[in-house]
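Hi everyone, thanks for coming. Today I'd like to walk you through one model, step by step. Please have a look at it first.

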Amino acid sequence: MTTVPSGQAIGARGLRKSYGDKKVLDGVDITVAEGSIFSLLGPNGAGKTTAVQILSTLIRADAGEIRVAGHDLARDPQAVRRAIGVTGQFSAVDSLLSGEENMLLMSDLNHLPRRDGRRRVAALLERFELADAAKKSPVTYSGGMRRRLDLAMTLVGDPRIIFLDEPTTGLDPRSRRTMWEIIEELVAAGTTIFLTTQYLEEADRLADRIAVLDGGRIVAEGSSDELKRLIPGGHVRLTFAELGGLDKAFTVFPGSSRDDETLTLTVPGDGRVETLRHVLAALDAAAVTVDDLTVHRPDLDDVFFALTGHSATTDKEDSR
Amino acid sequence: MSAIADSTTMLRRNFTHSVRYAAMTLSGLLLPVLMMLMFVYIFGGAIGPAISAGTGGGVSYIDYLTPGILVMAVGAGSASTAVSVAVDMKEGIIARFRTMAISRGSVITGQVVGSTIRTLVSLALVIGVALLVGFRPAAGPVAWLGAIGLLALLILAFTWLAVAFGLVVRSAEGANMASMPMQFLPLVSSAFMAPDLMSSGIGWFAAYQPFTPIIDTLRGLLLGTPIGNSGYLAVGWCLGLTLLGFLWARSAFNRDPRR
Ligand SMILES: Nc1ncnc2c1ncn2[C@@H]1O[C@H](COP(=O)(O)OP(=O)(O)O)[C@@H](O)[C@H]1O
Ligand SMILES: [Mg+2]
């Protein structure tokens, strides 16, 4: 295996891609350090899949220089393919083959010796809790199982760099957590991960670096903490039965903003239990009765609103 | 080296698909045989005597018919190839293959070889049943080799064309439509009836369309009837269509995949 002297697994400069008049990527730079998790965060239609497809040699960029695993992607795509594994947004399994046959197909295409291949396949099926369903068609699998099979197939070739395009979208919370644990294990073993997601929470939990993609451009990039500093924190919204309560509470929380029509008060805060307890204690001390209370944590919408001035979810096109 | 290994892997995948689609595979294999039996036992009584008279009394209808059925079997095989390629290209795993360090054309090679093998089995079935119902070819070993060679060329030509159709149209229905000519043009050729026995317009078409020289050559090789320059035309058509199908399929496969 070639080593990348710079410690850089993926480097892209000035990526551009248009479909017809639509500029999907409009000059995107991406740098991913070896052995780290990089997350491309963006709403539906932002161009995440397009970026993954370009970086994983599936489609060609209109412009831009790309190096993956130390190889120039345009000049030597086959060398790039030897270093990467891709688990796309859409299931990439053969629905006519059983789970195990899909895995063995990967073993053959990775030219693993027969015995080693079988052993590796069996171990991966076991580790991904697919051993019992191995002889069944993936058509009969649950969403979470299919994602796990998809990822297990990617791992047969033991890639150094893995692309995961929205690996948890549409999964139930338990499956999502299982997927997160698997991803963390992979990075612990030294694999580089390029992850796309629509969920801030996911990027927050997993990624070393996060880039926010909007309108074909990276509008912010940094560690999770760096990004959060850009986001107005969460808030607690208090609703009162009458104006007097609102008046009194407004004096208790100096940084808050009031809306007399709806009788609500918005108190900035990060939405943690500790903060909430503090708010309630202050209300108690001032003897104000609250009619209703909602807690709002910062989410992708907030990041988007803060960074781009528009909401993430207004872009409703192609919600699949 | 890895091209051969990868193509073999893909061929194995293609074979497993045939097994999983057992009903379709079987009906594909049996259709030409049923077609032949239908022509022999239902239409044979009406067409047979005219054919026999036209060839100076030497050729029975089953002898006349078998080469045409063989060509039809190749056509039917390619139709199912087009459909299976179109269906397969929708499988998510194709995108995965494209990001793996495997020989680029191995998926297609697997399909072409798999389809060729299925069609060869279907041809063997046709010949076997034809022999049972009275087919008596006059061909010696060299002529048999020639006939098999021509059929192989034809399979190659039709399979590549079918793969190109399957890659371009991207739906089972579309692929089936696109390969209609390969399935039904033989009906309007010398396969079942001599063109000079047909009404004038159709007869003219039948005489000049590619299937007629191919079938006439096959018939000549198997039965010893005169071939004339049909042989060159037949090989020319096959090679031309193979090249067209191959180039078309290659460019269609190398295009950026759409979603
Ligand atoms: N093959 C294509 N042809 C035309 N438009 C496309 C194609 N692929 C993606 N797009 C468009 O590009 C934009 C970005 O798509 P995509 O990369 O899938 O975004 P994301 O993965 O972030 O949801 C969308 O508006 C989508 O409709
Ligand atoms: Mg996407």
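First, the ground rules. This is a predicted model, in which local features need pLDDT of at least 70, side-chain atom pairs count only at pLDDT 80 or more, and totals for chains, interfaces and linings use all residues. Residues are numbered from 1 along each chain as its sequence is written, chains are lettered from A and ligands numbered from 1 in the order in which they are written, and side-chain values use heavy atoms, with hydrogens and water left out.

So how confident is the predictor? The model as a whole scores ipTM 0.84 and pTM 0.82. For single residues we use pLDDT, the predictor's confidence in each residue, from 0 to 100. Chain A averages 89, and 91% of its residues score at least 70. Where pLDDT is low, the predicted coordinates should not be read in detail.

Chain B averages a pLDDT of 87, with 95% of the residues at 70 or above. Its confidence is highest in helix α1 (residues 2-20), at 94, and lowest in helix α9 (residues 200-208), at a mean of 77.

Now chain A in outline. Its C-alpha atoms fill a box of roughly 75 × 45 × 35 Å along the principal axes. The chain has eleven helices and 14 strands; these are DSSP runs numbered from the N terminus, with helices being H or I of at least four residues and strands E of at least two. Of the 320 residues in chain A, 48% are buried. Buried means under 20% relative accessible area, exposed over 50%, and partly exposed in between, using a 1.4 Å probe and protein chains only. Among contacts between residues at least 6 apart in sequence, 67% join residues at least 24 apart.

Leaving out residues up to four places away in sequence, Gly11(A) touches Ile30(A), Glu65(A), Ile66(A) and Arg67(A).

Next, the metal. Which protein atoms are the donors of the magnesium ion, ligand 2? They are OG1 of Thr49(A) and OE1 of Gln89(A), lying 1.9 to 2.0 Å from the ion. Donors here are N, O and S atoms within 2.8 Å of the metal (3.2 Å for Na, K and Ca), and water is not among the atoms, so sites may look incomplete. Thr49(A) lies in helix α1 (residues 48-55) and Gln89(A) in the loop between β6 (84-87) and α3, so the pair ties together parts of chain A that are 40 residues apart in sequence.

The structure holds two cavities of 30 Å³ or more. On a 1 Å grid over the protein atoms alone, a cavity is a set of points where a 1.4 Å probe fits but cannot get out, and lining residues have an atom within 4 Å of a point. Points are joined across faces, edges and corners, and a volume is the space filled by probe spheres set on them.

The largest cavity has a volume of about 60 Å³. Its lining includes Gln78(A) and Arg81(A) from one chain, and Phe97(B) and Phe253(B) from the other.

Finally, two loop residues. Most residues other than glycine have a negative phi. Glu129(A), however, has a positive phi of about 55°; Glu129(A) sits in the loop between α4 and α5 (143-155) of chain A and is exposed, at 54%. Asp158(A) has a positive phi of about 50°, lies in the loop between α5 and β7 (161-165) of chain A, and is exposed at 52%.

Note on methods: On a 1 Å grid over the protein atoms alone, a cavity is a set of points where a 1.4 Å probe fits but cannot get out, and a pocket is an open set with protein on both sides within 12 Å along at least five of seven lines; lining residues have an atom within 4 Å of a point. Contact means heavy atoms within 4.5 Å.
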